[in-house]
Amino acid sequence: MKTTVSVAFQKLLLTSLLLLLYTFNYAVAENWTAFWDEQRYKRGFKDENGKVKIPPTFMGMTQATQFKNIIAVMEEKNDQFDSYYLLKSGERVENVNIYTIDHSFDCESDNKIRFRDKNTANMGYLNGQGKIAIPAIYNTGQPFVNGLASVKKGATLECINNGKP
């Protein structure tokens, strides 16, 4: 009986310790906050202490106000617009298209951000490290909230002409 109780207590103690470490690690993850350069009409990001992490270089459809892990950005280079996903490490995610909705880029939610497959135009989700978390097999979908997202799969697009399909 003593052995069973001590093993159960050890498991409980270990689980509690792991949960505490996970919570501490999650709590210290720093979000960067967007700031606006009114003279150049560009957006940059600062840390919690006000230190500029990314100078104002992003424009247009860049909508993120917080930068936790991954954001969709647009910048102008050589009279061209360059849009891509950016990780906090400075790494670009190049192998997918930006997901846009209502003329703006998607923002990270629950450590996921929507993307479009370059070949099929279907939608999927990247994780905060820029890796495909959920393959692009959906027509469209909503951002994740509390671990859930609603999606459409197999939808068809129809044209209505003067109220007649």
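This is a predicted model: local features need pLDDT of at least 70, side-chain atom pairs count only at pLDDT 80 or more; totals for chains, interfaces and linings use all residues.
View 1. Tyr41 lies in the loop that runs between strand S1 (32-37) and S2. Leaving aside residues up to four places away in sequence, Tyr41 touches Trp36, Phe58 and Met59. Pro56 is 15 residues from Tyr41 along the chain, and the C-alpha atoms of the two are separated by 8.4 Å.

**View 2. The whole protein, for orientation.** Before the next close-up, here is the setting. The protein has 15 strands and one helix. Of its 165 residues, 30% are buried. Its accessible surface comes to about 11500 Å², and carbon and sulfur atoms account for 55% of that. Take the contacts between residues at least 6 apart in sequence: 28% of them join residues at least 24 apart.

**View 3. Asp37, a buried residue in strand S1.** Now look at Asp37, whose place is in strand S1. Is Asp37 buried or exposed? With a relative accessible area of 18%, Asp37 is buried, because the cut-off is under 20%. A polar atom of the Asp37 side chain lies 3.2 Å from the backbone nitrogen of Arg40. Asp37 also touches Lys42 and Pro56, when residues up to four places away in sequence are not counted.

**View 4. An open sheet of four strands.** Here the strands can be followed in the order S3-S2-S1-S4, and their pairing is antiparallel. Which strands are at the edges? They are S3 and S4, each of which pairs on one side only. Strands of a sheet pair through backbone hydrogen bonds, either parallel or antiparallel. S2 and S3 run antiparallel and are joined by three bridges. Along this pairing, Phe45 stands opposite Ile54 in S3.

**View 5. Phe45 and its aromatic partners.** Stay with Phe45 for a look at the rings. The protein has four aromatic pairs. One of them is formed by Phe45 and Phe58: it is tilted, with 6.5 Å from centre to centre and 55° between the planes. Phe45 lies in strand S2 (residues 42-46) and Phe58 in strand S3 (residues 52-58), so this pair ties together parts that are 13 residues apart in sequence. Phe45 and Phe58 are both buried.

Phe45 also pairs with Phe67: the ring centres are 5.5 Å apart and the planes stand at 75°, so this pair is edge-to-face. With Phe45 in strand S2 and Phe67 in strand S4 (residues 66-67), the pair links distant parts of the chain, 22 residues apart. Phe67 is buried, as is Phe45. Together, Trp32, Phe45, Phe58 and Phe67 form one aromatic cluster.

**View 6. Strands S5 and S6, a hairpin.** Eight bridges join S5 to strand S6 (residues 80-87), and the two run antiparallel. Among the residues facing each other here, Met74 has Ser83 in S6 as its bridge partner. Two residues lie between the strands of this hairpin, in which Asn78 takes a positive phi near 55°. How many of the eight residues of S5 are buried? Six of them are, so S5 is largely enclosed by the rest of the structure.

**View 7. Glu75, a buried residue in strand S5.** Glu75 is found in strand S5 (residues 70-77). Its relative accessibility is 11%, so Glu75 counts as buried. What does the side chain of Glu75 make a polar contact with? The partner is the side chain of Tyr84, at 2.3 Å. Not counting residues up to four places away in sequence, Glu75 touches Thr57, Phe58, Met59, Gln80, Phe81, Asp82 and Tyr84.

**View 8. Charged ends over aromatic rings.** The charged end of Arg92 sits over the Tyr84 ring, 3.7 Å from its centre. Elsewhere in the chain, Phe144 has the charged end of Lys112 over its ring, 4.8 Å from the centre.

Technical notes. Residues are numbered from 1 along each chain as its sequence is written. Side-chain values use heavy atoms; hydrogens and water are left out. Buried means under 20% relative accessible area, exposed over 50%, partly exposed in between (1.4 Å probe, protein chains only). Contact means heavy atoms within 4.5 Å. Accessible areas come from the Shrake-Rupley method with a 1.4 Å probe; for residues, only the protein chains shown count as cover. Rings of Phe, Tyr and Trp (its six-membered ring) pair if their centres lie within 6.5 Å; planes under 30 degrees apart count as stacked, over 60 as edge-to-face and the rest as tilted. A charge sits over a ring if NZ of Lys or CZ of Arg is within 6 Å of the ring centre and within 35 degrees of the ring normal. Two strands pair if DSSP finds at least two bridges between them. A polar contact is a pair of N or O atoms within 3.5 Å; within protein, one must be able to donate a hydrogen and the other to accept it, and residues adjacent in sequence count only if both atoms are side-chain atoms.
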